[in-house]
Amino acid sequence: MTSVNAPGLAPWRDSARTVGERVEALLAEMTLEEKVAQLGSIWLQTGGDGNVAPLQDRFQAVETLDEQLSHGLGHLTRVYGTAPLSVAEGAARLRELQERVVASNRLGIPAIAHEECLTGFATFGATAYPTPLAWAATFDPDLVERMAAAIGADLRAAGVHQGLSPVLDVVRDYRWGRVEESLGEDPHLVARLGSAYVRGLEGAGVIATLKHFAGYGASRAARNHAPVSIGPRELADVILPPFESALREGGARSVMVSYTDLDGVPAGASADLLRRLLREEWGFEGTVVSDYWSIPFLASMHQVAEGAAEAGVVALAAGQDVELPETISYGAHLVANVRAGRVAESAVDESVRRILRQKIELGLLDGGPPVPEGAEGVDLDSPRNRGIAAEIAERSVVLLSNPDNLLPIGPGTTARLAVIGPCADDPRTLMGCYAFPNHVLDRYPEHGMGLTVASIRECLEAEFPYADVRYEKGADVSGDDRSGIAGAAAAAAEADLALLFVGDLAGLFGGGTSGEGCDAPHLGLPGLQPDLVEAVLATGTPTVLVVVSGRPYALGAYKDRVAAAVQAFFPGVEGGAAVAGVLSGRVNPSGRLPVQIPETPFVNPSTYLQPPLGGRTEGITSVDPTPAYAFGHGLSYSAVEYVALTTDRAECPTTGSIEARVTVRNAGSRPAEEVVQLYASDPVAQVARPVVQLIAFARVALEPGEERVVAFDVPAHTFSYTGPDLRRIVEPGAIVLAAGPSAQERPLRADIRLTGETVALGARRSL
């Protein structure tokens, strides 16, 4: 370690000093222009048609590159992830840019390089993992953490310091295009898996960025960027807990603001959200970054500022530290506003301290190269990555129904199989909108996929080598060309079994049926796919319906007419083999639904977290929101029995905890993995509470005939809620615990009573 008194060494470069000392020494050396430069970013956009961020084509930096770099730079935006560069080309480009950044500013401070990493490192040739909705279907935090650690290792080896993930928006309406990016509709599930992802990424030395703070997924009519009209109780009890958990338990060092407004106040202009709640109440010390162009959007979209310069004033006052992806409202505008007295320089210092702290923590001021040696040779699609991707894909596939045990088919079958549908032979339908082939490469068709990705059809042909497989597309994912439907029906009629693959093709801003800006008007299958399903079912051939999608689609019209139904949420580059393995029986399905599957396209069941009047209310309304398949549902090829639910006490103080023990048994003939789910109900409360709510879960491996006891430690704080005065409380009274395989099927019950006084929980409550 370098001595504190090393001659000629600037104190901010002395690693023997504390981080705080180094930050203050550097801050004291900086001019106003140098400070403000640390809050900006540049994005060197190259080629291609179409946007990969909202209204990308309408913005450009107000200064030249040389002008932007002359005083330093906070962030480099998506050096790898903007165009199809090989890892060697991307590393060389990043190294060149970092050298230019260091050489151009007086203090030689490198930039933080950030990239998207929602389904893996979003760059050419990198593994495209399953979407977050598929991670959620695994109900497996350890596996998600292992995946995030692998993603983080790849990012760090390539010289990337910050990843823009995970998305912690709790799903409130399935029509929203970004459901595929979410971790489902339950705040406990989102919190557990989101925190696991953060631990993996941060453990690899990469800053995790929580998105989108807050309420983005609860917009009116599920329209992207639309206003959010939810009350403070829904915000506190449903939307915010995953963010709090990922900060406190995961250790995330960055938060990205939401594009939307909350009850008229844009998130990026809300000091109540970004300062009072995030910093004062939760104690967050990391950086708040803007979503791409969300600061100038305060003027152009929300109209709470007059022009880009004033938007910068509003954003900094609210608590936004870093402007991404380019410097539009900060930079020279912010310097001028400080000089004019409209912004205090101390407010700039507050934000600069945070980004300097992170640069020191990342080692960027320790004298080493910002881009590691050997970055050009990093294998971004390694066997390790592929193995993890395959494991997640296999554990995420959900068997919805199998009433006559037609599945598994058996790999040795000699049957005539009709493989039908737009998702059967297009590898892009296996991946989400932030996977590089869908996110960027659709603008560069000459580059192909950039990865070896087998389609479901190819995997089925390998899985069933003795079968007579005939393929017919039938229809596109979207569009009105019905010319192939008759041929698909004819193939089904001549087959012993029809395997029908329908669903989504992800894209951006209307370029797909799922993804950012691809919101749905209803929950029917897109395009002519409903007609294709009806034509195949009309043949009378036993049909297995497989939905490969980014959101749940209404399946009520088909659920009693298909021989089996399977749901796969964009299972990634190894998804074709995972789906084929489930159909053959090589993989015993163990995925569970992180969102409900609706019964009808036009009756959105919202989510399972509903008070009594949010569900079926016979005699009150003719509309029934009961789903076709419930939250948490999923079958396997082995029968698991729920034997007993016991607690270590019948009464528990409002400040105490109980242990709940669930006994399960594998009554089938093959190994299985069961997701044991524990729910709670609060029969009488001061506000309307959900009928049931998930409070704990565990994935349990069971050999045939094996019985296991799963113990859950449940603090009384688990039963807290936001009361009429908007304080979070635990109150005495009856609580019902229930265990089972889904929110709808809870065969085991235990009654407990909370005793003592009502307790108001502070900010440091147990999560």
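## Basis of the model

The model is predicted, so that local features need pLDDT of at least 70 and side-chain atom pairs count only at pLDDT 80 or more, whereas totals for chains, interfaces and linings use all residues. Residues are numbered from 1 along each chain as its sequence is written, and side-chain values use heavy atoms, with hydrogens and water left out.

## Packing of α6 and α15

Helix α6 (residues 141–157) and helix α15 (residues 383–396) have axes that come within 10 Å and cross at roughly 150 degrees; the axes are lines fitted to C-alpha atoms over the stretch in contact, with angles from 0 to 180 degrees between N-to-C directions. Helices are DSSP runs of H or I with at least four residues, strands are runs of E with at least two, and both are numbered from the N terminus. The crossing angle makes α6 roughly antiparallel to α15, a term for angles over 145 degrees. The crossing of α6 and α15 is left-handed, meaning that the near helix is turned anticlockwise from the far one by less than a right angle.

On the α6 side the contact is made by L143, R146, M147, A150, A153 and D154, and on the α15 side by R384, N385, I388, E391, I392 and R395, where contact means heavy atoms within 4.5 Å. By class, the contact of α6 with α15 has 6 nonpolar, 1 polar and 5 charged residues, with Ala, Val, Leu, Ile, Met, Phe, Trp, Tyr, Cys and Pro counted as nonpolar, Asp, Glu, Lys and Arg as charged, and the others, Gly among them, as polar.

## Nonpolar cores

The largest nonpolar core has 124 residues, and F213, L499, F501 and L583 have the most contacts inside it. Such a core is a set of buried Ala, Val, Leu, Ile, Met, Phe, Trp, Tyr and Cys residues joined through side-chain atoms within 4.5 Å, buried being under 20% relative accessible area (1.4 Å probe, protein chains only). Leaving aside residues up to four places away in sequence, F501 touches residues including V419, I456, V546 and L583. A second, separate core of 58 residues includes L324, L362, V533 and F569.

## Backbone geometry

Most residues other than glycine have a negative phi, and most peptide bonds are trans. The peptide bond from K211 to H212 is cis, with omega near -5 degrees, and H212 is found in strand β5 (residues 207–213). The bond from F213 to A214 is also cis, with omega near 0 degrees.

F139, in the loop between α5 (132–138) and α6, has a positive phi near 50 degrees and counts as buried at 1% relative accessibility. F570 has a positive phi of about 35 degrees and is buried, with a relative accessible area of 0%.

Conventions
Angles under 35 degrees count as roughly parallel, over 145 as roughly antiparallel, 65 to 115 as roughly perpendicular and the rest as oblique. Buried means under 20% relative accessible area, exposed over 50%, partly exposed in between (1.4 Å probe, protein chains only).
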